[in-house]
Amino acid sequence: LYPEFAAETAEKCRENGIHTAVESALYVPWKNIERVLPFTDLFFADLKIADPEKHRRYTGQDNTLILKNLQKLSEVHDNLHLRIPVIPGVNDSAEDIGGFAEILSGLGEGVRDVELLRYNPLAESKYLFSGREYTRFADSAQTDAEMESLCLILSEKCRIHCFYI
């Protein structure tokens with residue numbers, strides 16, 4: 001959201017031998033990404049939901065711009081780390097994982113790996129403390145076996161290294 005500041009900071013870091021990383025939802029104009037691109041060693045980006053309408057329902061926006069930027073970035077940058085927060089009942093069905101696989105298969109060579117983020121219901125107290133409504137999707141996180149299975153499906157379909165935390 002602050003491309004000039006981010007680019008200036010990253011450039012100074014690069015000049016001083018400091019590794020640079022940018023974390024972005026990629027829901028920004030491509031020119032913002034281009035501005036920081038020459039000074040960024042690593043990009044982190046999330047894939048939340050594959051289906052555009054479902055993405056809109058849960059986040060308020062469809063994912064068209066995000067996917068367009070992700071496609072461009074994966075073709076021009078060689079170190080992109082994608083994360084998928086796995087939310088029970090939201091984006092963990094076979095159809096959802098198939099949608100992620102389709103997206104990942106169409107990306108450029110810059111995608112190094114995909115990290116599946118296990119659902120974490122611990123944020124509820126933070127929401128309550130700040131007076132915000134919290135949506136509980138499940139009472140507990142996925143098991144290691146469930147996460148391993150999702151990683152295996154993505155790895156086999158996309159030929160991209162997948163791991164989970």
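A residue is called buried when its relative accessible area is under 20%, exposed when that area is over 50%, and partly exposed in between, with a 1.4 Å probe and protein chains only.

## Basis of the report

This is a predicted model, in which local features need pLDDT of at least 70 and side-chain atom pairs count only at pLDDT 80 or more, while totals for chains, interfaces and linings use all residues. Residues are numbered from 1 along each chain as its sequence is written, and side-chain values use heavy atoms, with hydrogens and water left out.

## Salt bridges

Side chains of opposite charge can pair when their charged atoms come close. A salt bridge here is a side-chain nitrogen of Lys or Arg within 4 Å of a carboxyl oxygen of Asp or Glu, and by this rule the count comes to eleven. One of them joins Arg136 to Asp139, with the closest N and O atoms 3.5 Å apart; Arg136 is partly exposed at 40% relative accessibility, whereas Asp139 is exposed at 66%. Salt bridges that share partners also join Glu23, Asp46, Lys48 and Arg83 into one network.

Arg35 pairs with Glu4, and their closest N and O atoms are 3.0 Å apart. Because Arg35 belongs to helix H2 and Glu4 to helix H1 (residues 3-15), this pair ties together parts that are 31 residues apart in sequence; helices (H or I, at least four residues) and strands (E, at least two) are DSSP runs, numbered from the N terminus. Both ends of the pair are partly exposed, Arg35 at 27% relative accessibility and Glu4 at 43%. A further salt bridge links the side chains of Arg56 and Glu53 at 3.8 Å, N to O, and since these residues are three apart in helix H3, about one helical turn separates them. Arg56 is partly exposed, with a relative accessible area of 37%.

## Helix H4 and its buried face

Helix H4 (residues 64-76) has 13 residues and reaches 19 Å from its first C-alpha to its last, close to the 18 Å expected at 1.5 Å a residue, where the expected span is 1.5 Å times one less than the number of residues. Its buried residues are Ile66, Asn69, Leu70, Leu73 and Ser74. Seen down the axis of H4, these fall within an arc of 130°, so they line one face of the helix; the arc is that of the directions from the helix axis to the C-beta atoms.

On the other side of H4, Glu75 and Val76 are exposed. The cover over the buried residues of H4 includes helix H2 (30-36), strand E2 (42-46), helix H3 (52-59), E3 and strand E4 (111-117).

Asn91 sits in the loop between strand E3 (80-85) and helix H5 (94-105), and it counts as buried at 2% relative accessibility. A polar contact is a pair of N or O atoms within 3.5 Å; within protein, one must be able to donate a hydrogen and the other to accept it, and residues adjacent in sequence count only if both atoms are side-chain atoms. The side chain of Asn91 lies 2.7 Å from the backbone oxygen of Lys48, and it reaches the backbone oxygen of Pro85 at 2.7 Å. Counting contacts as heavy atoms within 4.5 Å, and leaving out residues up to four places away in sequence, Asn91 touches residues including Ile49, Ile84 and Phe100.

Ser24 is placed in strand E1 (residues 21-24). Its side chain reaches the backbone nitrogen of Leu26 at 2.8 Å, and, not counting residues up to four places away in sequence, Ser24 touches Phe44, Ala45 and Asp46.
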